[in-house]
Amino acid sequence: MSETLKTLTERRSVRKYKKEQIKDEELKAVLSAGTFAATGMGMQSPRIVVIQDPEVIQKLTAINAGIMGKDGLDSFYGAPTVCVVFADSKRTTYVEDGSLVIGNMMNAASAIGLGSCWIHRAKEEFRTEYGKELMKKWGLSEDYVGIGHCILGYPDGKPAPAKPRKADYIIYDK
């Protein structure tokens, strides 16, 4: 099996991280993979914001947990790096474009030994006053919508194994 197919079939979401920050070259590799994701008409509408400031991560995880109705939960599982993917809502493919960026980033992280997990609720998170302040600080207009977070770090333990694939996952029309 090719290394690419091995990564795609073996990648798992990681929900427990070591406190150690990832190396810059690892982060750059994951970010680069994200920028090469397919986008509608090659327009590259997504933007990736990298957050490694523990104070900002703490504030965002509190907002995220509140949206989920689980105040006090660390919804980013202690990951030292949080990448928020935004996409321009003026593009008809903005959700798909941003989703592919996160998928590429998660697969790239796995390929180089990092853990990752998609964390939802970025859309709601960045509609809050704090979220809007951050977007303004980052130069993102209100046309940009939070698609999701790709959290990154070194796994602390082994993630759960993959569930068996559903028998009816694939339908052939012959």
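Which residue forms a salt bridge with D143, and how far apart are the closest N and O atoms? The partner is K90, with the closest N and O atoms 3.4 Å apart. The legends below describe this contact and others in a predicted model.

**Figure 1. Salt bridge between D143 and K90.** The two residues belong to distant parts of the chain, 53 residues apart. D143 is in the loop between α6 and β4, whereas K90 is in the loop between β2 and α4 (94-111). D143 is partly exposed, its relative accessible area being 30%. K90 has a relative accessible area of 60% and is exposed. The structure holds four salt bridges, including this one.

**Figure 2. Salt bridge between E55 and K59 within helix α3.** The closest N and O atoms of E55 and K59 are 3.7 Å apart. Both residues lie in α3, separated by four residues, or about one turn of the helix. An α-helix has 3.6 residues a turn, so residues three or four places apart point the same way. K59, at 40% relative accessibility, is partly exposed.

**Figure 3. Salt bridge between K132 and E129 within helix α6.** The side chains meet with an N to O distance of 4.0 Å. K132 and E129 are three residues apart in α6, about one turn of the helix. K132 counts as partly exposed at 38% relative accessibility, and E129 counts as exposed at 57%.

**Figure 4. The buried and exposed sides of helix α6.** Y130, G131, L134 and M135 are the buried residues of this helix. Seen down the axis of α6, these buried residues fall within an arc of 140°, so they line one face of the helix. On the other side, E129, E133, K136 and K137 are exposed. The buried residues pack against four elements: α3 (54-68), β2, α5 and β4. After α6 comes G139, which has a positive phi, near 80°.

**Figure 5. Aromatic cluster of F86, F126 and W138.** A search of the whole structure finds three aromatic pairs. In one of them, the ring centres of F86 and W138 are 6.2 Å apart and the planes are at 65°; this angle is over 60°, so the pair is edge-to-face. F86 lies in strand β2 (residues 81-88) and W138 in the loop between α6 (129-137) and β4 (144-153), so that the pair links parts of the chain 52 residues apart. F86 is buried, at 0% relative accessibility, whereas W138 is partly exposed, with a relative accessible area of 25%. In the pair of F126 and W138, the ring centres are 5.9 Å apart and the planes are at 50°, so the pair is tilted. F126 is in the loop between α5 (122-125) and α6, 12 residues from W138. F126 is also buried, with a relative accessibility of 4%. W138 takes part in both of these pairs, and F86, F126 and W138 form one cluster.

**Figure 6. Polar contacts of the buried residue H149.** H149 is found in strand β4. The relative accessible area of H149 is 0%, so this residue is buried. A polar atom of the H149 side chain lies 2.8 Å from the backbone oxygen of I119. The side chain of H149 is also joined to the side chain of E125 by a polar contact of 2.9 Å.

**Figure 7. Lysine residues over the rings of Y169 and Y172.** K166 lies over the face of Y169, at a distance of 5.1 Å from the ring centre. The charged end of K174 sits over the ring of Y172, at 5.6 Å from the centre of that ring.

Notes
Residues numbered from 1 in each chain as written. Predicted model: local features only at pLDDT ≥ 70, side-chain atom pairs only at ≥ 80, totals over all residues. Heavy atoms only, no water. Phe/Tyr/Trp six-rings, centres within 6.5 Å; stacked < 30°, edge-to-face > 60°. Buried < 20%, exposed > 50% of the residue type's maximum accessible area, 1.4 Å probe, protein only. Lys NZ or Arg CZ within 6 Å of the ring centre and 35° of its normal. Arc of directions from axis to C-beta. Contact = heavy atoms within 4.5 Å. Polar contact = N/O pair within 3.5 Å; in protein donor to acceptor, adjacent residues only side chain to side chain.
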